[in-house]
Each structure stands twice: as structure tokens, then as C-alpha cells.
Amino acid sequence: MKKLFYILLTIIISKSVFSQSDKVFNYSDTIFSINSIHRLDLNYDYNGGRVIKDSLGTAELNELAKFLINNPNLYCHLENHTDHRGSDKYNLKLSEYRAQSVVFELITNYNIDSTKVKAIGFGESNPIVNMLFIEQMKLQNEDECIREGVYLVNRRTQLRIIDIKQH
């Protein structure tokens, strides 16, 4: 019964976090305010920082760039988070590298003003699902897909609006 509860909780968390996972987020239908956050559908090379240019990732970058170009008064952070596998130091560097790669992509390939976007890596310091949750579940090997789902929830890149300047 306890295991069923954890499985259902993981599914609910995953659905709420990844509600956009089947399509690119529609920036035009959303009202952004200071500190609003949007999860980006981007994947990276394993243990690397390069954004994988799959169809969804490319579409996400195109929409994000278009959004930033059409809203020159916005200043934002691109924040990257990792799961807890790996050392704290390694995960912090990896998340910083991944966030910087997205900012570099936006500046280089989409001509986004470099003063408008800043890369920030948090490593494993801000999980959505605390990893203690996994340890308390005492998952067996056959429950690897549940564990991977929790890791996936914690690995993310987010757009955070920091300021909206009125010109």
C-alpha cells in the first residue's frame, strides 16, 4: 500500500511538472510577471552541456528566442538544476555549464541581447522532489523506472523573469 502511494505521488508530481511535455509552451498565451517561472523542454548530452537538437528542443529554443525578441523589456535568468547523482561540486558545475550553453545559444544563434539573459546553475540544491523521498521508498531494482521518474522531475531548465523594465 505504501509503495502504491509513492507511485501515485510520483505520477502526480510528474504530470504537474511536465504538463507541457507533449508540445512546445505557448508563450503568447501566458502572462509573465516578475519571478514567474516556466520549465523549458530541453535535453542535454549525458554529462555534458550541449543542448540536444531534437525537434522539441529546437522548437522550444525558437519559441523562447522569439518571445525574448518580442519582449525587449524582459530580463531573465535561465536556471538549470540537476538530480542528486554525482557530487555536489560536479552537479553545480554541470548545471552552470548547461545554463550557460542555453544562454550562449540564444546570444549566438538568435541574436538575443546578452544583457537580457543570465545563466545560473543550482546543481542539486533545489529539488522538486527531495531525494530523501527515494531513500524512504527503499526501492528495489525492479522499481528503477520510478526512481528515474523522480530524477527526471529534478533535472530541469527554467526561465525565470527577473525584471520588466518600462521604457
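Where does Asn-111 lie? Asn-111 is in the loop between helix 3 (88-110) and strand 3 (117-123). The views below are taken from a predicted model.

**View 1. Asn-111 follows helix 3.** The phi angle of Asn-111 is near 60°, a positive value in a residue other than glycine. Asn-111 counts as exposed because its relative accessibility, 67%, is over the 50% cut-off.

**View 2. Helix 3 spans 32 Å from its first C-alpha to its last.** The helix has 23 residues, and its span is close to the 33 Å expected at 1.5 Å a residue. Its buried residues include Asn-91, Leu-94, Ser-95, Arg-98 and Ala-99. Val-102, Val-103, Leu-106 and Tyr-110 are also among the buried residues of this helix.

**View 3. The largest nonpolar core has 21 residues.** The residues with the most contacts inside this core are Leu-68, Leu-78, Val-102, Leu-106 and Leu-159. Two or more residues of the core come from each of helix 2 (55-70), strand 2 (74-81), helix 3 and strand 4. Helix 2 gives the most, with five residues.

**View 4. Gln-158 is placed in strand 4 (residues 156-164).** Gln-158 is buried because its relative accessible area of 10% is under the 20% cut-off. Its side chain makes a polar contact with the side chain of His-81, at 3.4 Å. Apart from neighbours within four places in sequence, Gln-158 is in contact with Ile-37, His-38, Arg-39 and Leu-40, and also with His-77, Leu-78, Glu-79 and His-81.

**View 5. Asn-35 is found in the loop between helix 1 (2-17) and strand 1 (37-40).** Asn-35 has a phi near 75°, a positive value in a residue other than glycine. Asn-35 is partly exposed because its relative accessible area, 47%, falls between the cut-offs of 20% and 50%.

**View 6. The charged end of Lys-165 sits over the ring of Tyr-75.** This charged end is 5.5 Å from the centre of the ring. A search of the whole structure for aromatic pairs finds zero.

Note on methods
Residues are numbered from 1 along each chain as its sequence is written. This is a predicted model: local features need pLDDT of at least 70, side-chain atom pairs count only at pLDDT 80 or more; totals for chains, interfaces and linings use all residues. Side-chain values use heavy atoms; hydrogens and water are left out. Helices (H or I, at least four residues) and strands (E, at least two) are DSSP runs, numbered from the N terminus. Buried means under 20% relative accessible area, exposed over 50%, partly exposed in between (1.4 Å probe, protein chains only). A polar contact is a pair of N or O atoms within 3.5 Å; within protein, one must be able to donate a hydrogen and the other to accept it, and residues adjacent in sequence count only if both atoms are side-chain atoms. Contact means heavy atoms within 4.5 Å. Rings of Phe, Tyr and Trp (its six-membered ring) pair if their centres lie within 6.5 Å; planes under 30 degrees apart count as stacked, over 60 as edge-to-face and the rest as tilted. A charge sits over a ring if NZ of Lys or CZ of Arg is within 6 Å of the ring centre and within 35 degrees of the ring normal. The expected span of a helix is 1.5 Å times one less than its number of residues. A nonpolar core is a set of buried Ala, Val, Leu, Ile, Met, Phe, Trp, Tyr and Cys residues joined through side-chain atoms within 4.5 Å.
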